[in-house]
Amino acid sequence: MNAIELLNDMRRVQESISVKRVRRKNESRDDYIKRKAKYRCSYCHKVYNKKDLHTSLEPFHVVKKSENLRFVLNHYRIDEKTLLKLNPGLKLSSVKTGTLVMVPDSYKIFPNTHGVCYCEKCKIKRYSLELDHVSFTRLLVKKRRKIRDQITNSLRKKILQRDNYKCAYCEIEFDGKKNNSKLTVDHMKPIARGGNNEEKNLCTSCEFHNNEKDSLTYEEYVPKIKERKLLRENGVTF
Ligand SMILES: [Zn+2]
Ligand SMILES: [Zn+2]
């Protein structure tokens, strides 16, 4: 690999690591939303060509760290009753970081809404169910959690044993030298992407790699960590 190839690789990796959240000059809102989503469908998490994605502005709030319901109510100047009317399934006691909350769209201005990016297939599905973004996302999460919860403790143990209690990704990225965070069972093809709980779709992964891999497939993620390893070996620090 020559210097230019290495530099291009470095740029590609850095681009994929840092999400540029600032809207570029002359960039349409549509293009900005798609780029911010890394050209990934919010619902099925697949990467698409720019032209095959749709966007819309949806009024919702993602509860951030150290925020609570009181914050959401104050921020949007609504009372509990209004919020519950908008979020029928919401249990006030279970509002935690990452919870999606529907908020009123009375102002129809940007700060109240977020750009959502999705593929044609998911668009059809969502609209046929007549669901808003938050309800549809909740439905998907519920379905996926149900599958994930079917992994029994004995299956988990079996997978860890099979893999000699080593993270598959640490083995690739660190030659197995760094492996001290909590071990989890990873879906090589994520449930969101149609993966299941078959043993051949499961592998041992440390928490760090499992979180970072997110909704990527094994085949998509491995080149990324190999690139990072290569850059590190060439003295590029992150
Ligand atoms: Zn989709
Ligand atoms: Zn690992």
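Predicted model: local features only at pLDDT ≥ 70, side-chain atom pairs only at ≥ 80, totals over all residues.

Me: Which residue stands opposite C206 in β6?

Reply: L183 does.

Me: Is β6 buried or exposed?

Reply: Buried. That holds for 5 of the 5 residues of β6 (residues 202-206), so the strand is largely enclosed by the rest of the structure.

Me: Which residues of β6 point which way?

Reply: L202, T204 and C206 point one way. C203 and S205 point the other way. All of them are buried.

Me: Let's zoom out. How many helices and strands does the chain have?

Reply: 10 helices and 6 strands.

Me: And what share of the chain is buried?

Reply: Buried residues are 18% of the 238 residues.

Me: Now the cores. Which residues make up the largest nonpolar core?

Reply: There are 11 in all: I33, A37, C41, Y43, L53, V116, C117, Y118, C119, F136 and L140.

Me: Which elements give two or more residues to this core?

Reply: β4 (114-119) and α6 (133-148). The largest share, 4 residues, comes from β4.

Me: What is L53 in contact with, leaving aside its neighbours within four places in sequence?

Reply: K34, Y39, C41, Y48, C117, Y118 and C119.

Me: Switching to K213. Where does K213 lie?

Reply: In helix α9, which covers residues 207-213.

Me: Buried or exposed, and why?

Reply: K213 is buried, because 21 other C-beta atoms lie within 10 Å. The cut-off for buried is 20 or more.

Me: What does K213 touch beyond its sequence neighbours?

Reply: Leaving aside neighbours within four places, K213 is in contact with D186 and Y221.

Me: How far apart are K213 and Y169?

Reply: 9.5 Å in space, C-alpha to C-alpha. In sequence, K213 and Y169 are 44 residues apart.

Me: Next residue along, D214. What is its phi?

Reply: Positive, about 55°, although D214 is not a glycine. Most residues other than glycine have a negative phi.

Me: Where is D214, and is it buried or exposed?

Reply: D214 lies in the loop between α9 and α10. D214 counts as exposed, because it has 11 C-beta neighbours inside 10 Å. Exposed means 12 or fewer.

Me: Last one, α10. What span should α10 have, and what are its ends apart?

Reply: Helix α10 (residues 218-233) has 16 residues, so at 1.5 Å a residue it should span 22 Å. Its end C-alpha atoms are 22 Å apart, which agrees.

Me: And what follows α10?

Reply: G235, with a positive phi near 85°.

Terms used
Residues numbered from 1 in each chain as written. Chains lettered and ligands numbered in written order. Contact = placed C-beta atoms within 7 Å. Core = buried A, V, L, I, M, F, W, Y, C linked by C-beta atoms within 7 Å. Pairing = 2+ DSSP bridges. Expected span 1.5 Å × (residues − 1).
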